[in-house]
Amino acid sequence: MDRGRPDDRTVKTALALAVRAPSIDNIQPWRWRIEDRSVRLDLDPSRAVSSTDSEERDLVLSCGAVLHHLRITFAALGWSAVVRRLPNPANPNHLATVGLVRHRPSPLDIALCAAISRRSTDRRPYTSWPVPPGYLGLVTERAAAQGAILRLATDHARDRLAIAMRAAAERHAGEPGERFEPAERHADTAIEPDFAELLVIGTTADDRLSRLRAGEALSAVLLTATNIGLATCTLTEPLEIPSLRRSVRGGVLDGYAYPQAVVRIGWAPTSAASRPVTSRRLIEDVLDPFDPIEVRAC
Ligand SMILES: Cc1cc2nc3c(=O)[nH]c(=O)nc-3n(C[C@H](O)[C@H](O)[C@H](O)COP(=O)(O)O)c2cc1C
């Protein structure tokens with residue numbers, strides 16, 4: 001440790017774990033910079049591959065997920081993150097500056113950090129074992145703590161959501177290879193019949209800050225569920241099509257919140273083979289050199 005800040009090795013360890021975060025089509029649309037007393041997160045729009053994400057919703061959500069992962073990894077390493085979101089109005093791609101203060105890791109910090117390397121997107125159908133309401137209550141609380149709304153789709157709302165998911169999958173399946181990893185994405189994405197619980201993450205506004213927070217909430221939901229032993233799968237496919245997004249907004253969120261992501265959650269079959277680990281870019285490839293002159297100029 002140096003002058004009340006973590007040393008570079010600690011920061012790079014935190015980053016290496018944080019970038020295990022999920023991202024749309026695994027594009028990892030982030031850049032990092034280790035500054036004098038903080039870590040800076042920028043969105044890298046050049047990583048975008050989808051033409052249907054014109055508002056960069058999925059990119060910002062992905063960066064929100066990696067931001068929350070970073071907060072968790074630092075917490076487990078003994079540093080509490082003090083986050084300034086969108087600190088520079090002149091640069092909307094500067095998503096966050098993360099300051100750090102010493103803290104004692106809690107058992108929860110360590111458990112959620114350990115869940116990072118166990119989490120993966122599991123697109124298979126889930127079993128009929130019920131997810132206890134207390135577990136769903138816990139993930140709902142964790143999403144709320146990040147400033148998002150989590151709604152369990154039941155009855156008619158679930159039917160509406162399932163129809164939207166099916167329609168989106170069918171529409172995208174007909175598109176020639178525009179996605180980063182379309183084969184896996186479409187071949188085994190479970191729609192129905194499937195016993196997954198369907199959760200929708202929503203926000204009361206639909207701006208960049210709300211999407212960043214929704215990504216943080218998504219990460220909190222996924223890591224909490226993984227820590228419990230539940231399988232998860234994030235889906236934004238149905239929300240990329242405006243008419244389907246409106247249908248999910250009205251049918252699941254009663255029109256008062258904006259849907260940002262759908263999460264399937266449930267128990268994977270115990271006989272199922274373990275999931276392949278998806279690759280990540282090297283830290284050196286996503287880390288910009290620190291330029292103290294530019295920081296002083298801000
Ligand atoms: C914002 C966001 C949107 C996503 N949307 C979808 C989706 O619509 N369909 C899907 O199968 N996976 C989706 N994913 C999952 C990613 O494809 C997955 O996170 C990525 O391939 C990395 O794999 P991993 O989660 O197993 O580490 C999404 C992930 C994020 C963060």
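**Entry 1: two helices**

I started with a helix pair. The axes of helix α3 (residues 107-118) and helix α7 (residues 208-228) come within 8 Å and cross at roughly 90°. That makes α3 roughly perpendicular to α7, because angles of 65 to 115 degrees count as roughly perpendicular. I noted that this is a predicted model.

Which residues of α3 and α7 meet? On the α3 side I found Ala 111, Leu 112, Ala 115, Ile 116 and Arg 118. On the α7 side I found Leu 223, Thr 226 and Asn 227.

**Entry 2: the whole protein**

Next I looked up the totals. The protein has 10 helices and 9 strands. It has 298 residues, and 43% of them count as buried. I then checked contacts between residues at least 6 apart in sequence. Of these, 79% join residues at least 24 apart.

**Entry 3: the sheet**

I turned to the strands. I found an open sheet of 4 strands, in the order β5-β6-β8-β7, with antiparallel pairing. β5 (149-152) and β7 are the edge strands, and each pairs on one side only. From one strand to the next, the twist averages 25°.

I went through the pairs in order.

- β5 and β6 run antiparallel and are joined by 4 bridges. Here Arg 151 stands opposite Val 200 in β6.
- β6 (residues 197-203) pairs with β8 over 7 bridges, in the antiparallel sense. Gly 202 stands opposite Pro 259 in β8.
- β7 (residues 231-235) and β8 are joined by 5 bridges and run antiparallel. Thr 234 has Val 263 in β8 as its bridge partner.

Is strand β8 mostly covered or mostly open? It is mostly covered: 9 of the 9 residues of β8 (residues 258-266) are buried.

**Entry 4: the core**

I looked for nonpolar residues packed together. In soluble globular proteins, nonpolar side chains tend to be buried together. The largest nonpolar core here has 76 residues. Cys 63, Val 66, Leu 70, Ile 201, Leu 218 and Val 221 have the most contacts inside this core. Helix α2 (residues 57-76) gives the most to this core, with 12 residues.

Where does this core lie, given the two domains? Domain 1 (8-117) and domain 2 (133-266) both give residues to this core, so it lies between them.

Leaving out residues up to four places away in sequence, Ile 201 touches Ala 143, Ala 148, Leu 150, Ala 214, Ala 217, Leu 218, Gln 260, Ala 261 and Val 263. Among them, Leu 218 is also listed with the most contacts inside the core.

Conventions: Residues numbered from 1 in each chain as written. Predicted model: local features only at pLDDT ≥ 70, side-chain atom pairs only at ≥ 80, totals over all residues. Buried ≥ 20, exposed ≤ 12 C-beta atoms within 10 Å, placed from the backbone. Pairing = 2+ DSSP bridges. Contact = placed C-beta atoms within 7 Å. Core = buried A, V, L, I, M, F, W, Y, C linked by C-beta atoms within 7 Å. Domains from an automatic or database assignment. Axes fitted to C-alpha atoms, helices over the stretch in contact; angles between N-to-C directions. Parallel < 35°, antiparallel > 145°, perpendicular 65-115°, else oblique.
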